Amino acid sequence: MKEALLYEKKGKGIVKCRLCSHRCTIMPGKTGFCRVRLNREGVLYSLTYEKLAAAGIDPIEKKPLYHFYPGMQAYSISTMGCNFRCDFCQNSSLSDVQDGMISTGGEVPVEQLV
């Protein structure tokens with residue numbers, strides 16, 4: 001686990017996550033709405049750091065990028081967790097954390113990803 005960025009300590013072990021618009025107030029031992037940021041004794045940790053759910057090379061046209069090097073490829077990575085709960089989500093098996101499952105693709109050091 002790695003200490004998360006974008007949070008503030010509120011006292012009495014409580015933290016406020018500032019990563020997304022939910023601005024979760026997280027009690028000790030609990031996670032936020034995304035279920036991948038854990039408050040451990042007043043310090044917020046990212047449970048997905050260096051833990052991939054999926055990785056692959058896709059055509060750039062598959063991405064939400066307008067006129068961005070047509071014909072090229074993009075390296076796509078993702079981790080578990082999401083701050084939405086869309087009924088129609090095509091990636092819910094990857095984004096929705098269930099029963100403490102954080103990674104399906106294994107650990108990959110940040111240096112290797114770059």
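A nonpolar core is a set of buried Ala, Val, Leu, Ile, Met, Phe, Trp, Tyr and Cys residues joined through side-chain atoms within 4.5 Å, where buried means under 20% relative accessible area, exposed over 50%, and partly exposed in between, with a 1.4 Å probe and protein chains only. Please keep in mind that this is a predicted model, in which local features need pLDDT of at least 70 and side-chain atom pairs count only at pLDDT 80 or more, while totals for chains, interfaces and linings use all residues. Residues are numbered from 1 along each chain as its sequence is written, and side-chain values use heavy atoms, with hydrogens and water left out.

The largest nonpolar core here has eight residues, namely A4, Y7, V15, C17, C24, I26, V43 and L44. Two or more of these residues come from each of β3 (14-17) and β6, strands being DSSP runs of E with at least two residues, numbered from the N terminus. A second, separate core has five residues, among them C34, V36, A53 and M80.

Let me turn to S46, which lies in strand β6 (residues 43-46). Is S46 buried or exposed? S46 counts as buried because its relative accessible area is 14%. Beyond its neighbours within four places in sequence, S46 is in contact, meaning heavy atoms within 4.5 Å, with M1, K2, A4 and V36. The side chain of S46 also has a polar atom 3.4 Å from the backbone nitrogen of T48, and it reaches the backbone nitrogen of Y49 at 3.4 Å.

Finally, M72 sits in the loop between β7 (54-59) and β8 (73-78), and it counts as partly exposed because its relative accessibility is 48%.

Note on methods. Helices (H or I, at least four residues) and strands (E, at least two) are DSSP runs, numbered from the N terminus. A polar contact is a pair of N or O atoms within 3.5 Å; within protein, one must be able to donate a hydrogen and the other to accept it, and residues adjacent in sequence count only if both atoms are side-chain atoms.
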